[in-house]
Amino acid sequence: NVAQIEDKGQPQISRLRIRLPTIHPDPFGTFPRLFARLTHSSRLIGKGMSAKIVGLEELSERSKQLQAAGKNLVATNGCFDLLHVGHVRYLQAARALGDLLAVGLNGDRSVRELKGKGRPITAERDRAEILAALQCVDLVTIFPEPRATQFIAASHPAIYVKGGDYTSETLNEEERTVLKEIGAEIRIIPFEAGYSTSRLLEQIC
């Protein structure tokens, strides 16, 4: 922009010549470039979330690195079908117990075995991505078995969290054995009253 000032006995007046940006109305102009940038950003966000979703082998490696760094890894597991606020509060409470939170997610086959016909409502990959989008969740691992034994062994947590009305004595025997071998502390966090996937399904149907 250029300002020209003239002095002819009159008060000085600034004349501004403003160059406006050229707008390209054609389909190859501004909007496609903006759309491309937004698409690229959404892909980066997607990659950031999927980076949290790891297999058992990578989970084991991450756990070893965290232990070497003196960090306490918290682990929990479940189906997390139709994620609701009770789930979110439970996961936030679990994360607050340590430095990072790893969530073991029952795969579709094991959810059917545990919950019955018609479940899960949401496919395992979608459930994993939803969990990974939560700030309180650092790692997500899908496992195909009904029991979380292999997940627990791979995550090797300092603290293992279970939800509901469990006690350390009423946990699955295999899981309890692995936790004892690892030396993990077992913490029970009650579920939020009034929230459950089954109740949501009843209301929907």
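The side chains of R95 and D138 meet in a salt bridge, at 3.0 Å from N to O. A salt bridge here is a side-chain nitrogen of Lys or Arg within 4 Å of a carboxyl oxygen of Asp or Glu. R95 lies in helix 3 and D138 in the loop between helix 5 and strand 5 (139-143), so the pair ties together parts that are 43 residues apart in sequence. R95 is partly exposed, at 23% relative accessibility, and D138 likewise, at 21%. Buried means under 20% relative accessible area, exposed over 50%, and partly exposed in between (1.4 Å probe, protein chains only).

The model is predicted: local features need pLDDT of at least 70, side-chain atom pairs count only at pLDDT 80 or more, and totals for chains, interfaces and linings use all residues. Residues are numbered from 1 along each chain as its sequence is written, and side-chain values use heavy atoms, without hydrogens and water. Helices (H or I, at least four residues) and strands (E, at least two) are DSSP runs, numbered from the N terminus.

The count comes to six salt bridges. One of them joins D81 and R119 (2.9 Å, N to O). Both D81 and R119 are buried. Another links E61 to K64, with the closest N and O atoms 3.9 Å apart. E61 and K64 both lie in helix 2 (residues 56-68), three residues apart.

Helix 7 (residues 173-182) has E175, V178, L179 and I182 as its buried residues. The face turned away from the buried side of helix 7 carries the exposed residues E173, K180 and E181. G183 follows helix 7 with a positive phi, near 85 degrees.
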